[in-house]
Amino acid sequence: MKIQKKLDDFVLDKEWEVRKGEVISLFGPSGSGKSLSLQAIAGLVTPDDGYIEINEQLIFHKERKICVPSRDRGIGYVPQNYGLFPHMKIDENIMFGMVEKDKNIKEEKMMKLLSCVGLENKRNKYPQHLSGGEKQRVAIVRALATNPKVLLLDEPFSAVDIPIRKILRNEIKEFLTRWNMPVVLVTHDPEDVEVLATEVVDYC
Ligand SMILES: Nc1ncnc2c1ncn2[C@@H]1O[C@H](COP(=O)(O)OP(=O)(O)OP(=O)(O)O)[C@@H](O)[C@H]1O
């Protein structure tokens with residue numbers, strides 16, 4: 001992708017790419033445009049110029065007037081606050097974006113995903129009854145439930161304390177290796193970069 005976006009006195013101007021099996025880390029200080037980049041890829045913010053391509057398909061191209069709607073981009077996006085729907089139980093949250101029509105198939109897939117992250121027994125809980133780390137795991141499997149082409153993680157460990165962060169980081173590393181899809185990870189924690197990233201884009 002190559003995008004430019006001006007917001008008041010902030011100018012984002014970045015170019016980078018990520019491939020299957022890579023975890024690319026957007027690394028830099030607060031306010032450097034990391035989240036904005038993810039929002040542009042997810043289709044929540046429209047760049048002023050440039051292009052975004054996924055698996056050789058353009059989802060945004062300013063000059064060619066291409067702007068694929070957010071829901072059709074095939075993006076699994078986990079925002080900083082996890083974005084879980086508070087009024088839906090965990091199982092409903094996970095099944096919400098699934099493309100499958102059959103209810104039994106959806107249920108089966110949801111249970112498989114929940115068991116991947118050891119949370120089968122939480123399916124009937126609401127997000128507010130889960131810990132920060134549990135919410136994070138649900139948010140990630142909810143993103144994966146839509147069969148995305150790319151996974152975007154925005155500060156995935158910001159809501160958990162340092163010892164738990166270490167455990168989750170290793171869990172997620174294993175998980176990502178299994179799914180083998182391109183991952184974009186926003187962080188300002190050098191340990192996230194060291195443990196998870198295969199490439200780093202400097203947002204300093
Ligand atoms: N809707 C908006 N209107 C105006 N400025 C904005 C808007 N959204 C973001 N910005 C500005 O864009 C810049 C980049 O914001 P962004 O959230 O991408 O930073 P970040 O690198 O993700 O920071 P952090 O690590 O603190 O989350 C900041 O200066 C921010 O104030």
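## A look around this predicted model

With 10 of its 13 residues buried, helix 4 is largely enclosed by the rest of the structure.

What do they pack against?

Why does V138 count as buried? It counts as buried because it has 26 C-beta neighbours inside 10 Å. Leaving aside residues up to four places away in sequence, V138 touches L84, I90, N93, I94, L119 and L130. As for F175, which sits 37 residues from V138 along the chain, the C-alpha atoms of the two are separated by 13 Å.

Next up is helix 3, which covers residues 103-116. It has 14 residues and reaches 20 Å from its first C-alpha to its last, close to the 20 Å expected at 1.5 Å a residue. Buried in helix 3 are M110, L113 and L114. They cover an arc of only 100° around the axis, which puts them on the same side of helix 3. Turn to the other side of helix 3 and you find N104, I105, E108, K112 and S115, which are exposed. The buried residues of helix 3 pack against helix 2 (90-95) and helix 4 (132-144). Just after helix 3 comes G118, with a positive phi of about 65°.

Now for the strands. Strands of a sheet pair through backbone hydrogen bonds, either parallel or antiparallel. This model gives you examples of both senses.

The antiparallel example is an open sheet of five strands, in the order 2-1-4-5-6. Its edge strands are strand 2 (10-15) and strand 6 (66-67), each of which pairs on one side only. Further in, strand 4 (residues 49-54) and strand 5 (residues 57-61) run antiparallel and are joined by four bridges. I54 has Q57 in strand 5 as its bridge partner, while Y51 stands opposite H61 in strand 5. H61 turns up again in the next pairing, where it stands opposite I66 in strand 6. Strand 5 and strand 6 pair over two bridges, again in the antiparallel sense.

Two hairpins belong to this stretch. How many residues lie between the strands of the hairpin formed by strand 4 and strand 5? There are two residues between them, and N55 in that turn has a positive phi of about 45°. The hairpin of strand 5 and strand 6 has four residues between its strands, and K65 in its turn has a positive phi of about 55°.

Strand 3 pairs with strand 9 (residues 183-187) in the parallel sense over five bridges. In that pairing, V23 stands opposite V183. Strand 3 also runs parallel to strand 10 (residues 199-202), and four bridges join the two. Here L26 stands opposite V201.

Here are the strand pairings side by side:

| Strand pair | Sense | Bridges |
|---|---|---|
| Strand 4 and strand 5 | antiparallel | four bridges |
| Strand 5 and strand 6 | antiparallel | two bridges |
| Strand 3 and strand 9 | parallel | five bridges |
| Strand 3 and strand 10 | parallel | four bridges |

Last stop: the ligand. Which residues are around the ligand? They are L7, D8, F10, S30, G31, S32, G33, K34, S35, L36 and H188. By class, this shell has three nonpolar, six polar and two charged residues. Helix 1 (residues 34-42) gives the most to the shell, with three residues.

Key: Residues are numbered from 1 along each chain as its sequence is written. This is a predicted model: local features need pLDDT of at least 70, side-chain atom pairs count only at pLDDT 80 or more; totals for chains, interfaces and linings use all residues. A residue is near a molecule or strand if its C-beta atom, placed from the backbone, lies within 6 Å of it. Ala, Val, Leu, Ile, Met, Phe, Trp, Tyr, Cys and Pro count as nonpolar, Asp, Glu, Lys and Arg as charged, and the others, Gly among them, as polar. The expected span of a helix is 1.5 Å times one less than its number of residues. A residue is buried if 20 or more other C-beta atoms lie within 10 Å of its own, exposed if 12 or fewer, and partly exposed in between; C-beta atoms are placed from the backbone. The arc is that of the directions from the helix axis to the C-beta atoms. Two residues are in contact if their C-beta atoms, placed from the backbone, lie within 7 Å. Two strands pair if DSSP finds at least two bridges between them.
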